[in-house]
Amino acid sequence: MPPPIHLALIGAGITGTTLSLALTRRGIPHTVYEQAAQPTELGAGLGFGPNAARAMAIADPRVGEVFLRECVRRDVRRGGDNGEGVGEPVWIEFLDGTVDGDDGEGDGGVEGVEPVFRVFARYGEGHGAVHRAKWLEVLMGMVPEGVVQFGKRLEGVERVGERVVLRFGDGTTAEADAVIGCDGVKSKVREIMLGGTEAEGAKCGYSGKYAYRCMIPRDQAVRELGVERVGVSSLWMGHGRHVLTFPVGKPGEQFLNLVAFVTDSSESWPSQDARSFTLPATREDALRDFEEGGFGKTVQRLLRLTKDKMDKWGLFDLADRPLPKFYSDRILVIGDAAHASTPHHGSGAGFCMEDVAVLASLLEEDIQGDDASPIDGLQAMFAAFDASRRERDQWLVQSSRRAADLYQWRLPNTGRDNFEVMRKDIETRQAVCWGIDLEKAIREAREDLRRRKCTPK
Ligand SMILES: Cc1cc2nc3c(=O)[nH]c(=O)nc-3n(C[C@H](O)[C@H](O)[C@H](O)COP(=O)(O)OP(=O)(O)OC[C@H]3O[C@@H](n4cnc5c(N)ncnc54)[C@H](O)[C@@H]3O)c2cc1C
């Protein structure tokens, strides 16, 4: 028997934890090293699409099932009886945020403005949202004990003979055959793989947009917006800003997840600490930003529901410095570590799930293959992963930036006179996100891996 490979996964976020479950299912030995002392995720919403749901099911059918059971479905409203999408489930209703809504006097609640167009939730089931921290808890609950080691901040990786030695902040070391960086937007693994902090692509760049995030208790949101609007995903558009809301949480602890995005007038992120992507802010800051953008009363009432003190998140990505390759020698990066994106297609984590499904399937192929040692196949496997994923992952990064400029009427042919053009544009891009034939992509990646392994070095 060839010696089994042992993989070191860095980061127990949504990518690392799901990959761990996928590897466990396939009997592939690994350890996950996480810098935090315990599982850490935000109390914020996370939306997924059918591509992500399929990817989760391929990674580990239990994850796919739990997701469909736990998520708040986003496709509850159906298209009307005129125009496109009759009877079809709606993904997001797009509204003109610069219009004042009904002030609610006399009827106990503002209904908001009517949508100017809808984008439909196509390509199968899985249009749903989860509470991030609770979802990570669910995933972590399925990981066998001892697989994740907390309090292990990776600081260095060295190749020693046929193995790699990992060095952690607590002074300890560990060995593995290869390292999979699942360590997110500020990835240390990416930095190491590229050869240091100054290398092109080692650090993400500021996208020029920031966001206020808040989870509003559902009852409060219903009082302001009415039950109809709170039950669906809504996106209020306008000049240089937009607001996204969608429901998350189980009955009894339901919230309206709100993210208010602003195009920054300054080109750089003003934090003194280069590693910090958040800055303290207040509700008044958010209200001022949206007033400056000419937003109407409905959006202002919505923003008044946010907390008086909240963080402002700088949105960083790899749009201006895409990685030439996702791997080098014994190191591979996946998820946000490889393709950190702004969130405007609601698909960043979904693409991370696709990465996991493809990588786990390739590793399975590698292990089942007739190699003398799976270690010999690692390079071919990383190359096959890169060939399968990089173009699509990097498309998301670029397209997401464009989507935000579309929602914020910053592009030609956007704004009030162009809603139909905008709807078609968004629909076409979401089709790319959701419509991937993942089974076919995995089949092709596995064939590619077999070919690469047969090609003499
Ligand atoms: C405002 C906003 C809204 C978003 N909304 C959505 C959405 O609705 N839908 C969607 O699909 N995507 C969304 N995204 C994108 C999504 O959040 C990311 O794609 C996803 O969280 C990436 O997961 P990850 O596990 O790759 O990285 P992370 O979640 O960043 O996890 C990385 C993990 O690695 C650990 N780590 C980091 N460095 C080290 C180290 N040196 N050693 C050990 N451990 C380390 C971290 O502690 C962390 O646990 C949004 C993003 C933003 C900013």
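**Notebook: a look through the fold**

I started with Trp409, and at 10% relative accessibility Trp409 counts as buried (buried is under 20% relative accessible area, exposed over 50%, partly exposed in between, with a 1.4 Å probe and protein chains only). A note on what I am reading: this is a predicted model, where local features need pLDDT of at least 70 and side-chain atom pairs count only at pLDDT 80 or more, while totals for chains, interfaces and linings use all residues. Residues are numbered from 1 along each chain as its sequence is written, and side-chain values use heavy atoms, with hydrogens and water left out.

**Entry 1**

I stayed with Trp409 and looked up its backbone. Its phi is near 55°, a positive value in a residue other than glycine. I found Trp409 in the loop between α12 (374-407) and α13 (419-434); helices here are DSSP runs of H or I with at least four residues, strands are E runs of at least two, and both are numbered from the N terminus. Most residues other than glycine have a negative phi.

I then turned to Tyr123, which is not a glycine either and has a positive phi of about 75°. Tyr123 sits in the loop between β6 (117-120) and β7 (128-131). Is Tyr123 buried or partly exposed? I noted a relative accessible area of 44%, which means Tyr123 is partly exposed.

**Entry 1: the domains**

I checked how the chain is divided. The assignment gives domain 1 as 7-73 + 127-204 + 319-416 + 424-454, and domain 2 as 90-120 + 205-316; such bounds come from an automatic or database domain assignment. The C-alpha centres of the two domains lie 28 Å apart. I also looked at the boundary, where 36 residues of domain 1 are in contact with 37 residues of domain 2 (contact means heavy atoms within 4.5 Å).

**Entry 2: the cores**

Which residues have the most contacts inside the largest nonpolar core? I wrote down Phe48 and Trp135, in a core of 80 residues. A nonpolar core is a set of buried Ala, Val, Leu, Ile, Met, Phe, Trp, Tyr and Cys residues joined through side-chain atoms within 4.5 Å. Helix α11 (residues 348-368) gives the most to this core, with ten residues. Another core lies apart from it, with 32 residues, among them Tyr210, Ala260, Ala281 and Phe295.

Leaving aside neighbours within four places in sequence, Phe48 is in contact with residues including Met56, Phe67, Trp135, Ala349 and Met353.

Phe67 was my next stop, in helix α3 (residues 61-70). I read 0% relative accessibility there, so Phe67 counts as buried. Not counting residues up to four places away in sequence, Phe67 touches Phe48, Ala53, Met56, Gly126, Gly128, Val130 and Trp135. I also took one distance: Phe67 and Pro251 are 184 residues apart along the chain, and their C-alpha atoms are separated by 16 Å.

In helix α9 (residues 297-303) I picked Leu303. At 1% relative accessibility, Leu303 counts as buried. Beyond neighbours within four places in sequence, Leu303 has Leu258, Ala260, Arg283, Ala286, Leu287 and Phe290 in contact. Its C-alpha atom is 9.8 Å from that of Val259, 44 residues apart along the chain.

Arg301 is also placed in helix α9. I noted 25% relative accessibility, and Arg301 counts as partly exposed.

I moved on to Glu191 in helix α5 (residues 188-194). Glu191 counts as buried at 9% relative accessibility. How far apart in space are Glu191 and Ala202? They are 4.6 Å apart, C-alpha to C-alpha, and eleven residues apart in sequence. Ala202 is also one of the contacts of Glu191, with Gly196 and Thr197, once neighbours within four places are left aside.

Asn51, Arg54, Ala55 and Ile58 of α2 meet Leu438, Glu439 and Ile442 of α14.
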